[in-house]
Amino acid sequence: MILHGYWRSGTSYRTRIALNLKGLNYEQHGVDLRRGDQRSETYLRLNPQGLVPALEIDGAVLTQSPAILEWLEETHPAPPLLPSDPVARAQVRAMAALIGCDIHPLNNLRVGKALREGFGADQAAVDAWAARWITPGFTALEALVARHGDGWCFGDAPTLADCYLIPQIYSARRFHVALDAFPRLLAIETAADAHPAFQAAHPDRQPDAD
Ligand SMILES: N[C@@H](CCC(=O)N[C@@H](CS)C(=O)NCC(=O)O)C(=O)O
């Protein structure tokens, strides 16, 4: 498998965590988002949307990290990243979607670029914009973790929700978002810091990192 991604991209990070939790080997091809490599002809042939990640598998290309993570779960069920009970599965997917649909898209690179170039935002304004979406999202997630978590977002082992959460915390720190109000989320970050699959997925440890 070849993972086309970028070290600091949250969607690449969540995909690396899932691949590592499943114990899979993969090659990494860095796509430098700062240089605009995601819009090169070569990369657009892989993913016409011009976004990372893309995962090449046996002649097929998978895009959109939620679809990649679901494919991983279907094809490599052990260890499971979703519980077996359908209600619990929906609850884990809801936590993942809270981040993947309702936080991350508002904070990604092209949104920041549009705010700077189209609306005259400086870095402080971009940081405030990020906090505007991360803080209420994390407030809701903190409540859900209080309800369902036992060391991780849901129960006592990592699930898809944790694959989404850890990169979003990393991104929140880059935007200088205050995280003191989220002790349960921070405890999960501490657990992830000690977990080899999460450690190996950390942006600083990727071959294309600065
Ligand atoms: N929904 C997509 C979002 C992918 C996405 O936004 N990727 C960002 C990096 S985290 C990207 O490639 N940005 C490039 C750009 O904005 O030009 C997914 O989950 O894969």
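**Notebook: the ligand and the strands around it**

I began with the ligand, and found a nitrogen atom of the ligand 2.6 Å from an N or O atom in the side chain of Q64, a pair that counts as a polar contact, defined as N or O atoms within 3.5 Å; within protein, one must be able to donate a hydrogen and the other to accept it, and residues adjacent in sequence count only if both atoms are side-chain atoms.

Before going on I noted that this is a predicted model, in which local features need pLDDT of at least 70 and side-chain atom pairs count only at pLDDT 80 or more, while totals for chains, interfaces and linings use all residues. Residues are numbered from 1 along each chain as its sequence is written, and side-chain values use heavy atoms, with hydrogens and water left out.

I then listed the surroundings, and 17 residues surround the ligand, the closest being Q38, V52, Q64, S65 and N108; a residue is counted if one of its heavy atoms lies within 4 Å. Helices α1 (residues 10–21), α3 (65–75) and α6 (109–119) each supply at least two residues of this shell, and the largest share, 3 residues, comes from α1. Helices (H or I, at least four residues) and strands (E, at least two) are DSSP runs, numbered from the N terminus.

The ligand sits in the largest pocket. A pocket, on a 1 Å grid over the protein atoms alone, is an open set of points where a 1.4 Å probe fits, with protein on both sides within 12 Å along at least five of seven lines, and a molecule sits in it if more than half of its atoms lie within 2 Å of its grid points.

**Strands**

I followed the strands next, where pairing requires at least two bridges found by DSSP. Strand β1 (residues 2–5) runs parallel to strand β2 (residues 27–30) over 4 bridges, and I2 has E27 as its bridge partner in β2. From β1 the chain passes through α1 to β2 in a right-handed β-α-β crossover, meaning that, with the strands pointing away from the viewer, the path from the first strand over the helix to the second runs clockwise.

With strand β3 (residues 54–57), β1 pairs in the antiparallel sense over 3 bridges, and there H4 stands opposite A54. In turn β3 is joined to strand β4 (residues 60–63) by 4 bridges, again antiparallel, with L62 as the partner of L55 and T63 as the partner of A54.

**Backbone details**

Most residues other than glycine have a negative phi, and most peptide bonds are trans, so I checked for exceptions. In the hairpin of β3 and β4, which has 2 residues between the strands, D58 takes a positive phi near 40 degrees, although D58 is not a glycine. The peptide bond from V52 to P53 is cis, with omega near 5 degrees, and P53 lies in the loop between α2 (41–46) and β3. Another cis bond runs from A78 to P79, with omega near -10 degrees, in the loop between α3 and α4 (86–100).

Note on methods. 1 Å grid on protein atoms, 1.4 Å probe; cavity = no way out; pocket = protein on both sides within 12 Å on 5 of 7 lines; lining within 4 Å.
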